[in-house]
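Please look over the structure shown below before reading on.

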Amino acid sequence: MTDRTVPNDDAPAEPTLEALAAAGFDLDALTEEQHEVLRALAPEELALLVDIRGRLDAAAPEVQAHADVAGGALF
């Protein structure tokens, strides 16, 4: 196990998973080992993932419109 996958003892673990779930991440399909990796995220890493998810969700309607019009040919 690397330092990147060792849980961060300075921060509570479950709020990380709760924040990811609140941001729209489907955590149910992940293994316990993957949950451990997510629990070990630094606050900056968590913020980055949540930000990226928000930007992807914001772009989803435009991407979906292209798929509907062009049959997904652009993507």
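1. A polar contact is a pair of N or O atoms within 3.5 Å; within protein, one must be able to donate a hydrogen and the other to accept it, and residues adjacent in sequence count only if both atoms are side-chain atoms. By this rule, the side chains of Arg39 and Glu36 make a polar contact at 2.8 Å.

2. The basis of these values comes next. This is a predicted model, in which local features need pLDDT of at least 70 and side-chain atom pairs count only at pLDDT 80 or more, while totals for chains, interfaces and linings use all residues. Residues are numbered from 1 along each chain as its sequence is written, and side-chain values use heavy atoms, with hydrogens and water left out.

3. The protein has 3 helices and 0 strands, and its elements run α-α-α from the N terminus on. Helices (H or I, at least four residues) and strands (E, at least two) are DSSP runs, numbered from the N terminus.

4. The accessible surface of the protein is about 5500 Å², and 60% of this belongs to carbon and sulfur atoms. Accessible areas come from the Shrake-Rupley method with a 1.4 Å probe; for residues, only the protein chains shown count as cover. Of the 75 residues in the protein, 15% are buried. Buried means under 20% relative accessible area, exposed over 50%, and partly exposed in between (1.4 Å probe, protein chains only).

5. Contact means heavy atoms within 4.5 Å. Among the contacts between residues at least 6 apart in sequence, 56% join residues at least 24 apart.

6. Which residues of helix 1 are buried? In this helix, residues 14-22, they are Thr16, Leu17 and Leu20. Seen down the axis of helix 1, these buried residues fall within an arc of 95°, so they line one face of the helix. The arc is that of the directions from the helix axis to the C-beta atoms. Glu18 and Ala22 are exposed on the other side of helix 1. Just after helix 1, Gly24 takes a positive phi of about 105°.

7. A salt bridge is a side-chain nitrogen of Lys or Arg within 4 Å of a carboxyl oxygen of Asp or Glu. The whole structure holds 5 salt bridges. One of them joins the side chains of Arg39 and Glu14 (3.0 Å, N to O). Arg39 lies in helix 2 and Glu14 in helix 1, so the pair ties together parts that are 25 residues apart in sequence. Arg39 is buried at 13% relative accessible area, whereas Glu14 is partly exposed at 39%.

8. Arg39 also forms a salt bridge with Glu36, with the closest N and O atoms 2.8 Å apart. The two residues are 3 apart in helix 2, so about one helical turn separates Arg39 from Glu36. Glu36 is partly exposed, with 28% relative accessibility. Salt bridges link Glu14, Glu32, Glu36 and Arg39 in a network.

9. In helix 3, the side chains of Asp51 and Arg55 meet in a salt bridge (2.8 Å, N to O). Asp51 is partly exposed at 38% relative accessible area, and Arg55 is exposed at 53%.

10. Leu48, Ile52 and Leu56 form a nonpolar surface patch with about 280 Å² of accessible area together. Patches are made of residues with over 30% relative accessible area and no salt bridge: like charges are joined within 9 Å, nonpolar side chains (Val, Leu, Ile, Met, Phe, Trp, Tyr) within 5 Å. Leu56 belongs to helix 3, residues 43-70, and is exposed at 55% relative accessible area.
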